[in-house]
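Work through the exercises below with the sequence and the model at hand. Each task is followed by a solution in steps.

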Amino acid sequence: MSFQSTEEIYSKFKDAINKAINHLDSEFASIRAGRANPKILDKVMVSCYGSLMPLNQLANITVPDPRCLTINVWDPSVFKDVLKAINEANLGLAPSDDGKSIRLVFPVPTEERRKELVKQAKAVSEETKVTLRNERRDALDGIKEMKKDNLLTEDTQELAEKEIQKILDKATQEINDLTAKKEKEIMEV
């Protein structure tokens, strides 16, 4: 891909960073830390009406207390399908139902489990950093290509490379802050 300006490269790089950080945020939301979070059900797909549908399109999900989710299915005819999908999603939770609603109770994680969750969060964080480094490489390649096409001077190329690194450093710090926040949340009893 050829670029016409360094601003175009910066813009593409910043967009990639924002997408990566948003993805990290959604991954962190799905890491269960003993608190009820409806996002844990975002990936649950229910087989009903002849196709797969996301659970949140079939039911109302509420958080009545910090350790419990209540799922109220709108169409009683798909209740059993929803229950089956939750069981098959391997959430590590045992759903209980009264025929009208489903309750998911989040147990307090053990110290060992919390440490596993912290490792999981750090692994996701590191994957995001690798993605950002790959995006930096692509941005630097774009700058080198512009230099090769005589669209940049050596001084401008050097300044552009420093700017790319500055953008990456800021994003890395944001990722570190998000990771530290998630780690603190997980380790809280």
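Buried means under 20% relative accessible area, exposed means over 50%, and partly exposed lies in between (1.4 Å probe, protein chains only). The model is predicted: local features need pLDDT of at least 70, side-chain atom pairs count only at pLDDT 80 or more, and totals for chains, interfaces and linings use all residues. Residues are numbered from 1 along each chain as its sequence is written, and side-chain values use heavy atoms, with hydrogens and water left out.

**Exercise 1. Describe the open sheet of four strands and find its edges.**

Step 1. Strands (E, at least two residues) and helices (H or I, at least four) are DSSP runs, numbered from the N terminus. Two strands pair if DSSP finds at least two bridges between them.

Step 2. The order in the sheet is 3-4-6-5, and the pairing is antiparallel.

Step 3. The edges are strand 3 (59–65) and strand 5 (96–97); each has a single partner strand, so one side of each lacks a neighbour in the sheet.

Step 4. Strand 3 is joined to strand 4 (residues 68–73) by five bridges. T62 has T70 in strand 4 as its bridge partner.

**Exercise 2. State which strands helix 2 lies across.**

Step 1. Contact means heavy atoms within 4.5 Å. Axes are lines fitted to C-alpha atoms, for helices over the stretch in contact, and angles run from 0 to 180 degrees between N-to-C directions.

Step 2. Helix 2 (residues 79–88) lies across strand 4, strand 5 and strand 6 (101–105). Its angle to strand 6 is about 15°.

**Exercise 3. Count the disulfides, then classify C48 and C68.**

Step 1. A disulfide is a pair of cysteine sulfur atoms within 2.5 Å. By this rule the count is zero.

Step 2. C48 has a relative accessible area of 4%, so C48 is buried. C68 is at 2% and therefore also counts as buried.
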